[in-house]
Amino acid sequence: MVATAQADHGPRPFPADELAVDLTDVTKVYAGRVEALRGVSMAVRRGEIFGLLGPNGAGKSTLVKIMATIVRPTTARGTILGQPVGHRPTLARIGYLPEHHRFPKYLTGRQCVEFFGAMNLMRRAARRTSAERLLEVVGMNAWADRRIGTYSKGMQQRVGLAAALVNDPDFVMLDEPTDGVDPVGRSEIRDVLIRMRDEGRTVFLNSHLLGEVELVCDRVAIMLKGRVEVQGSLAELTQDSRRWTIEFEGEPPASLTPFGPARSTGSGTRHLIEISQGDLALVQDAIDRLRAAGCAVAGVHETRESLEQLFLRLVRDVDGRAAAVGAANVVAAQRKEAGR
Amino acid sequence: MSAFDSYAPASARVTIADAAVQSWAMLVAAYRELNARKLFWVALALNAVVILAMAAVGIDENGISVLGWELPIPGLTTALFPRADFYKLMIESLGVGIWLGWLSTILALLSTASMFPDLAAGGVDTLLSKPIGRARLFLTTFACGLLFSTLQVATFSFLAFLLLGLRADTWEPGVFVAVPLIALLFSYLFCLQAVVGFITRSAVASVIVTLLFWILVFAVDTGETITHFQRVASRLELEMVDARLAKMQGAAGRESGERLRTETVERLGNWSLANDIALGIKTALPKTNETADLVRRALAISAGIGPKPDDEREVRVDDSGIMQRTRADRRRVELEVRKELDERTVWWVVGSSLAFEAFVLGIGVWYFRRRDF
């Protein structure tokens, strides 16, 4: 697959100055020779919403944590916002919401957001103004002066989002940002992300909610077993799965035989034929043959894989089982191999 | 340049002003955490109770009284204890020695026990993603942990200052020296608790290890005190033997004197060796008792309070002219020991303890910098 070649070892797909994240050969071997990342290369353009997907244990969180300097890579080449990964001052331009965050329960929502503003080197007036604005944006103004210990999971997530954005970051990494948030809240958070992209910021979204990712992300990467399996826009990634369906009235003519058998829709004399290759010339040819045979073309539909279908296809092996995922499984596989 | 070299370059630094913003924010957050803990307020109230209990005790030329009730304790009057010394002694021995030096410190250890396990267990993610170095994050968190003890001692010192002023007409700012000294004492123990708590992620384990360590420190300190006492006692006995020997006339008496002298020299040698070993071990450990004792030095409490030593005592000689071993006067030994302890410099007491603390914190920082979360 083209996207795979570009993702892991191919040439950089975009000019360097367009990239917010430009990683090459990021590896992480934990103690005990557990390989969590096995040479990840990834490019995220400035001003896009980028989705990182993968089954549990694929190495997504490790990669995000390396970018946030929480985990030290075994090897890492590349840049974030034009600076080497781990460049400390650059962290002040990055927002981060971890998946299993534990914000201090004794702080109020406002205090928490302002605290993280200070940790991002913001001066008092700036962080107060920013906290006030963001608490309004995430719909927490009414509860801003109550302690976080009294918040629901969704409320904590909203405050966490405000805390991640308090420094007005150029690049935001959000790990499951809508976890525990109600549908209305999710929609609001999506709006925030889209607004950020429209303002030219880069959003890096790590989420299990494929529908959500599909709704907001410009490009995605899917990780498997510590590697980026594919990355690109949804259109690019599903290019190979593109197919055309032509619906027509009348008996299928013999001239359609090269396109495969036509199926009845079960509604009168209506039939349909599927053209699995994405070439439009073939579609035109089929329509011409139908017209020549006197059939009325009722509709032409383009279909392609959804993100979920693509994801499931990638993470399942030929037997339909979930692919071996996670560092633990990698170790198990290595042990098994060593035992042979 | 290896691939890993591009990670966190050493040149990446934030300014002092930036560091101050972060440190202040962490300190304020730590204060808010304390504020939210009941134990903090209970301990603060107990400070007031301790001072009120001391204030309830009075002393005059007739004796001492509690809440106005005269207690018939002979000799305990202002003739022996000037009022200011009486209250200073109470503040030093009960307030600092027992309350701050032991009970309040244990409360502080319990109250701050979860700080580092909490940091290791989840709170660290969001902090590490900020522009703050791991070493500074660890050490600033440690400094925030000292806040509990510092605020407690500051409250106690202020109340003690009022007690001395109102009850003994002595406005003694020296009591405030307890604030940095007791905070130091707490920091000797808290450093270990912090590192153990961070590594094990268990508040209970960190408290247990710290208290066991404190017992070890206490045992070493007690051993050093005993051997020091015996060493001084042996030295004074030797001086007594030498003084008596110079006056001895008869051959039998001189022979017994030389024998007694040899025994005393041997005893002095043994106690000196034991004391040197104990002192060597103690030097490497934090000096909790002696740090608390620096408060007494600062308050200039006279070591001479109490009965006078028997300076006339000398080696007994029996009827046949044979020298008998005589123990040095206990009070004289105590005063001599006290004098020698006071000669130990503040730099030795505090400096060697801080060296231990720096070593332990160094291990913590090293571990923190290497660890993934």
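Is Gly122(B) buried, exposed or partly exposed?

1. This is a predicted model, in which local features need pLDDT of at least 70 and side-chain atom pairs count only at pLDDT 80 or more, while totals for chains, interfaces and linings use all residues. Residues are numbered from 1 along each chain as its sequence is written, with chains lettered from A and ligands numbered from 1 in the order in which they are written.

2. Gly122(B) is partly exposed, because 16 other C-beta atoms lie within 10 Å (buried means 20 or more, exposed 12 or fewer, partly exposed in between, with C-beta atoms placed from the backbone). Gly122(B) sits in helix H4 (residues 115-128) of chain B (helices, H or I, have at least four residues and strands, E, at least two, as DSSP runs numbered from the N terminus). Setting aside residues up to four places away in sequence, Gly122(B) touches His100(A) and Arg102(A) (contact means C-beta atoms, placed from the backbone, within 7 Å).

3. The contact between the chains draws 35 residues from chain A and 29 residues from chain B. On the side of chain A that touches chain B, strand S4 (75-80), strand S6 (94-97) and helix H3 (109-119) of chain A are the elements giving two or more residues, and H3(A) supplies the largest share, 5 residues.

4. Within chain B, helix H6 (residues 178-200) and helix H11 (residues 346-370) pack at an angle of about 20°, with their axes 9 Å apart (axes are lines fitted to C-alpha atoms over the stretch in contact, and angles run from 0 to 180 degrees between N-to-C directions). H6(B) is therefore roughly parallel to H11(B) (angles under 35 degrees count as roughly parallel, over 145 as roughly antiparallel, 65 to 115 as roughly perpendicular and the rest as oblique).

Notes. Two residues are in contact if their C-beta atoms, placed from the backbone, lie within 7 Å.
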